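We will go stop by stop.

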Amino acid sequence: MTETTHRTQAQRREQTRTALLDATIDCLVEVGYARTSVQEICARAGVSKGAVQHHFTAKAELMAAAVEHLTTKLRRRLAESLDELPGGGSGVAAAIDLLWAGYSGTLSTAVTELWVAARTDPELRAAIRPVDRALGRATLEHVTQVAGELPPERAEMLFWLTVNLTRGLALDAELGGAPHRRRQLLEEWKRIAVLLYEDATAAPS
């Protein structure tokens with residue numbers, strides 16, 4: 001009986017934590033960091049303000065955990081999708097599309113809100129920096145594994161160029177930039193990346 005009760009309490013605790021993290025992401029996307037209060041998060045999650053203190057000691061910790069929660073789901077989706085990619089240049093182009101889809105949208109909006117706020121908030125910056133780096137390392141590791149004959153250092157270069165480009169394009173989308181221009185830039189980078197891949201993997205004459 002005690003074991004069953006303990007397991008139920010653990011499940012309820014995890015459900016509350018997940019509800020808080022999902023509500024935090026929703027707030028960041030819908031109202032922005034400045035208007036995202038703990039009270040608003042609790043209202044959306046359907047929990048009391050006191051319940052937050054059982055899970056997070058500070059607002060910055062809650063924000064970082066919410067981004068980690070979102071990036072964990074993103075990492076899993078990317079890993080599954082990357083495993084299904086074809087080889088060769090077509091796989092490079094498809095991987096870029098996957099990274100664009102992953103690093104834009106909800107994740108981009110939430111992270112942009114936090115990084116802008118983190119510029120003048122050392123506590124927030126210290127909380128979210130490890131999360132951001134962990135996402136990059138984990139995704140790079142998987143990309144390197146499926147890069148085939150591409151030398152690891154070249155795979156890393158292409159990866160980080162793609163991440164920084166997609167983040168810039170995602171910010172452009174947030175600021176209302178022209179969609180057709182973003183598509184053109186992304187297609188041009190895919191063309192260049194495929195050429196770089198083919199050059200790096202070409203057999204010596």
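Predicted model: local features only at pLDDT ≥ 70, side-chain atom pairs only at ≥ 80, totals over all residues.

**Stop 1: the annotated span.** Select residues 37-56. An unreviewed UniProt entry annotates them as "DNA-binding region". The span is 60% helix and 0% strand. Its end C-alpha atoms lie 14 Å apart.

Stop 2: From Cys-27, the nearest cysteine sulfur is that of Cys-42, 9.6 Å away. A disulfide needs the sulfur atoms within 2.5 Å. Now colour by accessibility. Cys-27 counts as buried because its relative accessibility is 0%. Cys-42 is also buried, at 4%.

**Stop 3: the largest pocket.** Select Gly-91, Val-92, Ala-95, Val-146 and Ala-147. Of the 22 lining residues, these are the closest to the centre of the largest pocket. The volume of this pocket is about 330 Å³. H5 gives the largest share, six residues. By class, the lining has 17 nonpolar, five polar and no charged residues.

**Stop 4: the second largest pocket.** Move to Ser-108, Val-111, Thr-112, Trp-115 and Arg-167, which lie nearest its centre among 16 lining residues. The space here is about 240 Å³. Helices H4 (59-83), H6 (105-118), H7 (122-145) and H8 each give two or more lining residues. Which helix gives the largest share? H6 does, with seven residues. The lining divides into eleven nonpolar, three polar and two charged residues.

How values were computed:
Residues numbered from 1 in each chain as written. Heavy atoms only, no water. UniProt positions renumbered as here; feature names shortened; annotations may be inferred. Helix = DSSP H or I, 4+ residues; strand = E, 2+ residues; numbered from the N terminus. Buried < 20%, exposed > 50% of the residue type's maximum accessible area, 1.4 Å probe, protein only. 1 Å grid on protein atoms, 1.4 Å probe; cavity = no way out; pocket = protein on both sides within 12 Å on 5 of 7 lines; lining within 4 Å. Points joined across faces, edges and corners; volume = space filled by probe spheres on them. Nonpolar A, V, L, I, M, F, W, Y, C, P; charged D, E, K, R; others polar.
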